Amino acid sequence: MAEETAPVSRFREYLQIKTVHPEPDYDSCTKFLLKQAEEIGLEHQIHECVKGKPVVILTSKGTDSSEKSVLFNSHTDVVPVFEEKWNYPPFEAQRVKMEDGEYRIYARGSQDMKVTGSMYLEAIREIKKSNIQHKRDIHLIFGPDEEIYSTDGLDVFTKTPEFAKLNGGFDIDEGAPSFNDETWYFTSERITCPVTFTATGKTGHGSQFIEDTAAEKILPIVNELLQLRQTNLDKIKHHGPLMILHQGEVTSANLTMLSGGKQPNVVPATYEATFDFRVTPNIDYGEFIQYLKDLAARNGCTVVIKKPAGSNPVTNLSEAEPFTTSFHKVLKKHNKKAHEIIMPAATDARFIRRAGIPAVGINPLNFHKLLAHDHNEYIVESEFLKGIPFYQDMMIELANA
Ligand code: MET
Ligand SMILES: [Zn+2]
Ligand SMILES: [Zn+2]
């Protein structure tokens, strides 16, 4: 059994903190981060735009703090587990030796996205230990509630004077591990769009042919949107196993909640259908919302767009110099086969882009099955360890750009 190194122990400690919804333990998480800051020699600030929802910022001061800073953003919360489906307890972060000699760390949040926060912390630790100077300030941002729309997290924090004071010029943000030797980076993402349709109709005895029922109004909507889902899926299907890289090019639709009746012999007075849409930046968001409103009206239903988004800015890397050159230099140094694609899910980078700062999502882990939000989420230890010098170079190059 190979010795567990200190970076792995600290990563496991972070994973063992139960920052899991619906009641994430942010207090223990903040304590952990402040302990790291103290050991490493970083300045810290905590901003609670909403009580109990801390945004923790750890800073390595540059030699010229008047220059635009660089941000390394990650979220501290994780999604719930179906514990009985796990082979290893999800919050023990066990280190398991595999047959091929590799070690895996099994835990909720190991991929999404405590591995990234840990690589940031280990990278900056190395930088400080070696006393490497850098020009711009480096801010590590640890935000809450990303998995529940960031309403009390980065959404509100990025609109505060405290965020503006960070004077960010470029942001490195959440990405996804790749399943092969390629590395994906994201300059745009689909916009998350939860929508609830409500149908109201006549109720009565379950034995009767009642007219104008809620079910008859909701079903045409559900059917049309499931057809839209199929149409969009058909557009990218020809990519076969590489389809996952092209998902962001089309809008996805999933019926995630459907509720109605109270008992079998009573015709329901209402039906509610909730869809999780992820609207591609390739179409006009406003037009899509109008389509949904028209669809509801046409079928005599009401519709609520739960998180109206307004805008979905795309980062144009050709306008983000000198950072872009530095970013690509690091990819090259680490022999990354880099591909730019549209992030199919949502990340906190959207709020940073809306604040006018170029943001790129990336994850240097290769050869991983994507297990975010899945059972038995794990990362391969050697890939985590390789990621530390990657971020070390990213921090230094961007901070000296
Ligand atoms: C729905 S807000 C974003 C939460 C998560 N990152 C997702 O894409 O589902
Ligand atoms: Zn995430
Ligand atoms: Zn997630």
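**Conventions used in the views.** Helices are DSSP runs of H or I with at least four residues, strands are DSSP runs of E with at least two, and both are numbered from the N terminus. The model is predicted, so local features need pLDDT of at least 70 and side-chain atom pairs count only at pLDDT 80 or more, while totals for chains, interfaces and linings use all residues. Residues are numbered from 1 along each chain as its sequence is written, and chains are lettered from A and ligands numbered from 1 in the order in which they are written.

**View 1. Tyrosine 149 has a positive phi**. The value is near 80°, and the residue is not a glycine. Tyrosine 149 sits in the loop between β6 (138–143) and α4 (154–157).

**View 2. Helices α1 and α3 pack against each other**. Two packed helices are described by the angle between their axes and the distance between the axes. Axes are lines fitted to C-alpha atoms (for helices, over the stretch in contact), and angles run from 0 to 180 degrees between N-to-C directions. Here α1 (residues 6–16) and α3 (residues 114–129) make an angle of about 140°, and their axes are 10 Å apart. That makes α1 oblique to α3. The scale is this: under 35 degrees is roughly parallel, over 145 roughly antiparallel, 65 to 115 roughly perpendicular, and the rest oblique. The crossing of α1 with α3 is right-handed. A crossing is right-handed if the near helix is turned clockwise from the far one by less than a right angle, and left-handed if anticlockwise. From α1 come Pro7, Arg10, Phe11, Tyr14 and Leu15, which meet Lys114, Gly117, Ser118 and Glu122 of α3. The residues of this contact between α1 and α3 divide into four nonpolar, two polar and three charged. Contact means C-beta atoms, placed from the backbone, within 7 Å. Ala, Val, Leu, Ile, Met, Phe, Trp, Tyr, Cys and Pro count as nonpolar, Asp, Glu, Lys and Arg as charged, and the others, Gly among them, as polar.

**View 3. Four strands form an open antiparallel sheet**. Their order is β11-β13-β9-β14. The edge strands, β11 (252–259) and β14 (302–305), each pair on one side only. From one strand to the next, the twist averages 20°. Strands pair if DSSP finds at least two bridges between them. Between β9 (residues 191–200) and β13 (residues 270–279), the antiparallel pairing covers 10 bridges. Isoleucine 191 has valine 279 of β13 as its bridge partner.

**View 4. Helices α6 and α7 lie across strands of this sheet**. Helix α6 (residues 214–236) lies across β9, β11 and β13, and runs at about 15° to β13. Helix α7 (residues 285–298) lies across β9, β13 and β14, and runs at about 155° to β14.

**View 5. An unreviewed UniProt entry marks a "binding site" at His75, Asp112 and Glu174**. UniProt positions are given in the numbering used here, feature names are shortened, and annotations may be inferred rather than shown by experiment. Histidine 75 belongs to strand β3 (residues 69–75). Aspartate 112 is joined to methionine 113 by a cis peptide bond, with omega about -15°. Methionine 113 is in the loop between β5 and α3.

**View 6. The record also lists an "active site" at Asp77 and Glu146**. They span 70 residues in sequence, yet no two of their C-alpha atoms are more than 6.7 Å apart, so they gather at one spot. Aspartate 77 is in the loop between β3 and β4 (94–97).

**View 7. Strands β4, β5 and β17 form an open antiparallel sheet**. The order is β4-β5-β17. Edge strands β4 and β17 (378–380) each pair on one side only. Neighbouring strands are turned by 25° against each other on average, direction ignored. Four bridges join β4 to β5 (residues 103–106). Lysine 97 has tyrosine 103 of β5 as its bridge partner.

**View 8. Helices α8 and α10 cross at roughly 155°**. The axes of α8 (residues 323–333) and α10 (residues 381–399) come within 9 Å. The two helices are therefore roughly antiparallel. Their crossing is right-handed. Phe323, Ser326, Phe327, Lys329, Val330 and Lys333 of α8 meet Asp393, Met394, Glu397 and Leu398 of α10. The residues of this contact between α8 and α10 divide into five nonpolar, one polar and four charged. A cis peptide bond, with omega about 5°, joins glutamate 321 and proline 322. Proline 322 lies in the loop between β14 and α8.

Key: Contact = placed C-beta atoms within 7 Å.
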